[in-house]
Amino acid sequence: MAVTVYTEKDCNIDILKGKKVVVVGFGSQGHAHALNLFDSGVDVTVGLREGSKTMEKVRAAGLKADTIANAVKDADVVMILIPDESQGKIYAEQIEPNLKEGAYLGFGHGFNVLYNIVNLRPDLNVFLAAPKGPGHMVRRTFVQGTGTPGLIAIEQDPSGNTKEIALAWAQGFGGARAGVIETTFKEETETDLFGEQAVLCGGVTELMKAGFETLVEAGYEPEMAYFECVHEMKLIVDMIIDGGFTSMRDSISNTAEYGDYITGTKVITKESREGMKEVLKDIQDGTFARNFIKECETMEFMNEKRKTEQEHQVEKVGNELRGMMSWLKK
Ligand SMILES: NC(=O)C1=CN([C@@H]2O[C@H](COP(=O)(O)OP(=O)(O)OC[C@H]3O[C@@H](n4cnc5c(N)ncnc54)[C@H](OP(=O)(O)O)[C@@H]3O)[C@@H](O)[C@H]2O)C=CC1
Ligand SMILES: CC(=O)[C@](C)(O)C(=O)O
Ligand SMILES: [Mg+2]
Ligand SMILES: [Mg+2]
């Protein structure tokens, strides 16, 4: 293997025990890190904005909750898990001035460090511990006894043992059960942004929508198109995750496999690959980051897109069909 993949035998979560550990934010990633570390025996305090309604939820789960400024004051380890676009202001006003000298400061994504939005004091030990998956799945897989792979990176290491803290953190959220790779803030940020845009989120939803619309426009029923182009995606992807493309292709019919080989490149064309390269270039030269931060000043485009995407037929049909699946929580 080209890289070292760390597993539980390489991590020692005990070094987090007896320390004051703070998770800032209790959203998608925040709740997953906080609860998984807590269940792993770490004494976790959650830092939230003043007046946050989430405080009650945190306390109901058995964890301590405080305002961000109070929570980080005497903390040994602080993990920032509020939205990327909020981190600059909150860090400058409430976190950095209250962090004790020599504290460990963690991030779940390298965005604010790579694009120099946060000012890192030289005395701080700065690390990344990022699961490669959505927060709710980080929690769900942990509770099921499995885990979500993760990345660690070290940006500043005055103490000399920041990597041990990062590995312990990755063990705490369940990452070391699946495999943890050491990277840099730059590599994590650029690959993460590329993956979510081109493949995982932007790529997949557009592929599903294009398939759905092609069938519906040709006169097929939207419910059939939903099962075919959206629901079954997970069943196929689960097989790829468990056994790779080969095992998935062993399970599907020869008919499907032949169609797969002759059709994939008709859909993901040279032009699509050129598009991917452009996406990557905009991430590498900072264009995407600038545009995103600017968009967050008004959220005009995002709000408009949220509305039109929610109104798309694939969502309406999907909602109805999912409503009939007894195992899905309402
Ligand atoms: N979403 C994901 O699955 C993944 C996210 N990441 C990274 O993790 C980090 C967190 O992302 P994510 O979990 O999606 O974030 P969320 O949007 O889910 O974070 C919500 C939490 O942040 C708090 N919050 C929101 N805005 C503010 C603010 N202005 N001031 C103070 N607190 C605020 C909320 O407070 P309240 O409870 O009061 O509303 C809530 O507790 C990011 O760096 C992201 O890139 C990395 C991997 C995957
Ligand atoms: C879930 C995840 O890993 C993402 C897609 O990178 C994110 O939410 O930023
Ligand atoms: Mg990611
Ligand atoms: Mg991401």
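A residue is termed buried if 20 or more other C-beta atoms lie within 10 Å of its own, exposed if 12 or fewer do, and partly exposed in between, with C-beta atoms placed from the backbone. The model is predicted, and local features therefore need pLDDT of at least 70, side-chain atom pairs count only at pLDDT 80 or more, and totals for chains, interfaces and linings use all residues. Residues are numbered from 1 along each chain as its sequence is written, while chains are lettered from A and ligands numbered from 1 in the order in which they are written.

By an automatic or database domain assignment, the protein is divided into domain 1 (5-183) and domain 2 (201-268 + 299-328). Their C-alpha centres are 34 Å apart.

Strand 7 (125-131) is mostly covered, seven of its seven residues being buried. Strands (E, at least two residues) and helices (H or I, at least four) are DSSP runs numbered from the N terminus. In a regular strand, side chains alternate between the two faces of the sheet. On one side of strand 7, Asn 125, Phe 127, Ala 129 and Pro 131 are buried, as are Val 126, Leu 128 and Ala 130 on the other.

Pairing requires at least two DSSP bridges between two strands. Strand 7 pairs in the parallel sense with strand 6 (residues 104-107) over four bridges, Asn 125 being the bridge partner of Tyr 104. Six bridges join strand 7 to the antiparallel strand 8 (residues 150-156), where Ile 152 stands opposite Ala 129.

Strand 7, helix 1 (28-39) and helix 4 (84-95) each supply at least two residues of the shell around ligand 1.
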